[in-house]
Amino acid sequence: MLMQQLANGIVLGSTYGLMAIGLTILFGILNIINLAHGEIYMLGAFVAYFLVVLWEVDFFIALLAATIAMGVLGVVAEWLVFRPLRDKDEINYFIVSMGLLTFLQNLALLLWGTEPRSMALPQASETLRIGEIIITVQRLYTVVIAVGVIFGLHFFIKHSRMGKAMRAMEQDREAALTVGVGINEVSSFTFFLGSALAGAAGALMGSLFIVNPIMGFGPLLKAFVIVIFGGLGSVLGAIVGGLILGMTEVLGASYISSAYQDAFAFIILILILSFKPTGLFGKR
Amino acid sequence: MDSSTQKIWAWGGFGLFLVTLPLWLTDYPLHLINISGIWIILALSVGLLQGYVGEISMGHAAFYGIGAYASVLLTMKGGLPFWVSLPISALVTAAFGFLIGLVSLRLRGPYFAICTLGFGEIIRLIFVNWRDLSGGPDGITGIPAPTPIPLPFGGAFAFDTKMANYYLIYTLVLLTVLAMYRLIYSRTGKAFMALREDHLYAECIGINVMRYKKLAFLVSTFFAGIGGCLYAHYEHFISPYSFTTGQSFDLVIMVIVGGMGTIIGPILGAILLTLVPELLHAIKDYRMVIYGLMLMLVIIYLPHGLVGVWQGIRDRFTKSAEEAEG
């Protein structure tokens with residue numbers, strides 16, 4: 001029973017981790033706290049849903065399409081909404097992203113209503129037995145894909161030219177600009193990456209649970225909790241934080257109270273903010 | 001007529017207009033104006049924090065929810081008259097504000113905002129799940145109107161009409177505005193603004209930063225409690241859906257669209273965002289989409305909100321008037 005719960009916690013935690021990494025690189029590199037991150041997750045789930053259900057595309061192609069489409073949406077959002085505020089006080093980013101959240105969520109509500117939708121993938125009901133754990137094939141895919149994406153991202157940031165530019169920007173903005181790192185390219189690319197991760201997380205979660213326009217807000221708040229828990233700007237913190245939160249929720253729901261499942265995240269958040277505001281792996 | 005006499009006449013006329021307003025309006029527009037009044041009190045409470053202390057509360061709906069539930073319990077289960085439950089529920093809300101402020105006010109900027117958002121969600125979940133006290137997701141119906149005031153020569157002034165509620169709500173709006181005005185133009189208000197401009201500097205010149213932030217949060221949640229209590233007894237129905245993060249966002253949007261750092265700004269924002277969607281039925285379904293768009297446009301192009309637009313127009317006129325004279 002405990003092992004089963006832990007397995008469920010890992011599935012949940014790995015998608016939370018994807019969301020949180022997106023949020024944390026936006027903050028770490030650009031100092032932007034993007035409240036609309038959850039709406040990008042929701043739109044990613046809808047893109048995958050429509051491709052799978054209406055066009056009968058294979059799930060993996062739909063996942064890839066959703067990831068890229070959300071990356072592009074992120075670039076557009078950066079260009080239209082965040083770039084005009086670049087030289088102003090940072091709290092403006094936060095407020096403008098609140099507007100973007102309200103706009104995207106309610107547009108989706110107008111277009112698609114509140115009815116829950118399901119991709120009804122065949123691999124979501126096929127189960128595998130590993131020891132005493134029973135897990136559906138789709139959940140296994142989810143963990144494998146999430147882990148693969150996280151490793152891919154790590155190598156990209158470590159070794160590619162753009163990855164190096166991003167890290168330079170994170171360490172010292174002025175110095176990076178002086179040595180010729182292009183702020184516009186890095187901003188666009190960071191948004192592409194962060195939003196693509198949210199889109200992938202949305203498509204994966206959408207394949208396991210239901211898809212609806214209000215699905216983004218909960219994961220957004222949880223990603224915040226994870227990011228603050230792990231330390232803002234820390235990718236490792238986001239992964240560890242994601243797994244811890246996933247476990248806490250699953251265990252808390254089965255051993256304490258399922259009615260308050262969503263509250264555990266905030267209780268962790270408030271405890272962390274009160275006792276160690278820089279988070280577990282935080283630098284600032 | 002010199003300009004000060006002109007001013008007195010203008011304010012007198014405006015006062016007379018407000019006092020006689022319900023006499024020539026039908027129930028529906030009066031209802032909208034009453035609802036706007038409640039939103040004005042709430043927007044002012046958020047505006048104090050956001051505009052003068054520079055901290056955004058994204059969980060204020062939970063506070064007016066506490067005010068509403070507290071007053072409903074006091075009147076319906078405790079049997080107290082509205083006039084007693086109104087101040088008590090506001091104080092209860094402020095007490096919660098004090099406790100939550102102890103934790104959240106140690107943080108600043110986006111961290112504070114997210115922390116209040118977290119508290120707001122926890123409190124909402126408690127409203128949903130603590131059925132014995134809150135009635136759960138179905139809410140509480142049949143909340144009584146404010147207790148009638150007995151008149152000295154027999155009979156009573158009852159609050160069962162929109163008109164009577166108009167006078168009640170706008171008396172409280174007036175008191176809130178006066179209280180905010182007094183606070184902001186006092187030494188305390190100057191200390192608030194000093195923290196908003198520069199925390200470190202404020203601390204250096206001897207302002208006890210935490211104390212003033214706590215005070216601002218306490219005052220803000222007190223008025224949120226008054227707004228919530230009025231809401232419950234005016235609408236006669238409350239449920240957890242009246243106190244969601246969406247409503248907290250609405251309040252932040254009202255303050256920003258109206259104009260941060262002013263008293264008139266949140267008032268204008270509250271009226272605009274309550275009346276316009278009702279008056280233009282065509283856009284009612286798109287209300288929230290438009291709010292989101294409006295917030296983005298205002299932050300990018302009009303950072304001082306409607307008040308800033310008005311000041312811009314006034315400056316242009318005075319400048320051209322001066323040019324014409326000189």
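Predicted model: local features only at pLDDT ≥ 70, side-chain atom pairs only at ≥ 80, totals over all residues.
Let me start with where the two chains meet: the contact draws 29 residues from chain A and 28 residues from chain B, where two residues are in contact if their C-beta atoms, placed from the backbone, lie within 7 Å. On the side of chain A that touches chain B, the elements giving two or more residues are helix H4 (91–112), helix H9 (217–230) and helix H11 (261–275) of chain A, and H4(A) gives the most, with 13 residues. Helices here are DSSP runs of H or I with at least four residues, strands are runs of E with at least two, and both are numbered from the N terminus. By class, that side of chain A has 23 nonpolar, five polar and one charged residues; Ala, Val, Leu, Ile, Met, Phe, Trp, Tyr, Cys and Pro count as nonpolar, Asp, Glu, Lys and Arg as charged, and the others, Gly among them, as polar.

Residues are numbered from 1 along each chain as its sequence is written, and chains are lettered from A and ligands numbered from 1 in the order in which they are written.

Turning to chain A as a whole, its secondary structure comes to eleven helices and two strands, and from the N terminus on the elements run α-α-α-α-β-β-α-α-α-α-α-α-α. The radius of gyration of chain A is 18 Å, close to the 19 Å that the globule rule gives for 284 residues, so chain A is as compact as a globular protein of that length; the radius is taken over C-alpha atoms, and the rule is 2.2 Å times the number of residues to the power 0.38. The C-alpha atoms of chain A fill a box of roughly 55 × 45 × 35 Å along the principal axes. Of its 284 residues, 51% count as buried, a residue being buried if 20 or more other C-beta atoms, placed from the backbone, lie within 10 Å of its own, exposed if 12 or fewer, and partly exposed in between. Among contacts in chain A between residues at least 6 apart in sequence, 78% join residues at least 24 apart.

Within chain A, the two strands deserve a moment. Strand E1 (residues 127–130) and strand E2 (residues 133–136) of chain A pair in the antiparallel sense over four bridges, pairing being assigned if DSSP finds at least two bridges between two strands. Arg129(A) has Ile134(A) in E2(A) as its bridge partner, and the hairpin has two residues between its strands, with Gly131(A) in the turn at a positive phi of about 60 degrees.

What do the buried residues of H10(A) pack against? They pack against helix H1 (2–30), helix H5 (137–159), H9 and H11 of chain A. H10 itself, residues 235–255 of chain A, has 21 residues and reaches 30 Å from its first C-alpha to its last, close to the 30 Å expected at 1.5 Å a residue, the expected span being 1.5 Å times one less than the number of residues. Among its buried residues are Val235(A), Gly241(A), Gly242(A) and Glu249(A).

Met166(A) lies in helix H6 (residues 161–171) of chain A and is buried, with 25 other C-beta atoms within 10 Å. Leaving aside neighbours within four places in sequence, Met166(A) is in contact with Ile29(A), Ile157(A), Val186(A) and Thr190(A).

Chain B, for its part, comes to 14 helices and two strands. Its radius of gyration is 21 Å, close to the 20 Å that the globule rule gives for 326 residues, so chain B is as compact as a globular protein of that length. Buried residues make up 44% of the 326 residues in chain B.

Helix H3 (residues 60–77) of chain B is mostly covered, with 15 of its 18 residues buried, and just after H3(B), Gly79(B) takes a positive phi of about 70 degrees.
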